[in-house]
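Please open the structure in your viewer and keep the selection tool at hand.

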Amino acid sequence: MRQNKILSLVGLATKAGKTVSGEFSTEKAVKTGIAYIVLVSAQASENTKKKFQNMCTYYKVPIYFYGTKEELGAAMGREFRASMAVTDQGLAGAIMKELNNMDERR
C-alpha cells in the first residue's frame, strides 16, 4: 500500500503542475533551484543514476531511486519516465516522508 501512496502523491503533484520529468527538464529544475526532490527510476541506467546522484549532492537536493519507469510514467499520466523532480515544497515533503517511512519498515 505504501508504494501506491507515493505514486498517488506524484500524480497529485503532476495534476497541480508541480512536477517536471525527463532528463533535461529534471536537470534544469535541479540546477535552477526549483526542484525540492528528485525521483529516479530504480530501472534507470547506472550512468543516469550516477549523473543525478552527483548533481543532487552538489546542489543539495534530496534524491531517491524508486519504482519502475512504467510506474513513474503512469503516475504522471505518461508512458515511461526515468527521472522527475517535484517543484512544490509541501508535496516534496509529503513524498519524502512516505519514502522514509517505507525505508524504516524494511
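Two strands are said to pair if DSSP finds at least two bridges between them; helices (H or I, at least four residues) and strands (E, at least two) are DSSP runs, numbered from the N terminus. This is a predicted model, in which local features need pLDDT of at least 70 and side-chain atom pairs count only at pLDDT 80 or more, whereas totals for chains, interfaces and linings use all residues. Residues are numbered from 1 along each chain as its sequence is written, and side-chain values use heavy atoms, with hydrogens and water left out.

**The sheet**

Select β2 and β4 to begin: they pair in the antiparallel sense over four bridges. Within this pairing, V38 stands opposite A85 of β4. Now display the whole sheet, which is open and has four strands in the order β1-β4-β2-β3, with mixed pairing. β1 (19-21) and β3 (63-65) are at the edges with a single partner strand each, so one side of each has no neighbour in the sheet. From one strand to the next, the twist averages 20° (axes are lines fitted to C-alpha atoms, for helices over the stretch in contact, and angles run from 0 to 180 degrees between N-to-C directions).

**Helices on the sheet**

**The cores**

Which residues have the most contacts inside the largest nonpolar core? They are I37, L39, V86, I95 and L99, in a core of 19 residues. A nonpolar core is a set of buried Ala, Val, Leu, Ile, Met, Phe, Trp, Tyr and Cys residues joined through side-chain atoms within 4.5 Å. Buried means under 20% relative accessible area, exposed over 50%, and partly exposed in between (1.4 Å probe, protein chains only). Another core, of twelve residues, lies apart from the largest one and includes A35, V38, V40 and I63.

**Two single residues**

Select S21 in strand β1. S21 is buried, at 14% relative accessible area, and its side chain makes a polar contact with that of R81 at 2.7 Å. A polar contact is a pair of N or O atoms within 3.5 Å; within protein, one must be able to donate a hydrogen and the other to accept it, and residues adjacent in sequence count only if both atoms are side-chain atoms.

Finish at K60, in the loop between α3 and β3. With 73% relative accessibility, K60 counts as exposed. Although K60 is not a glycine, its phi is positive, about 55°.
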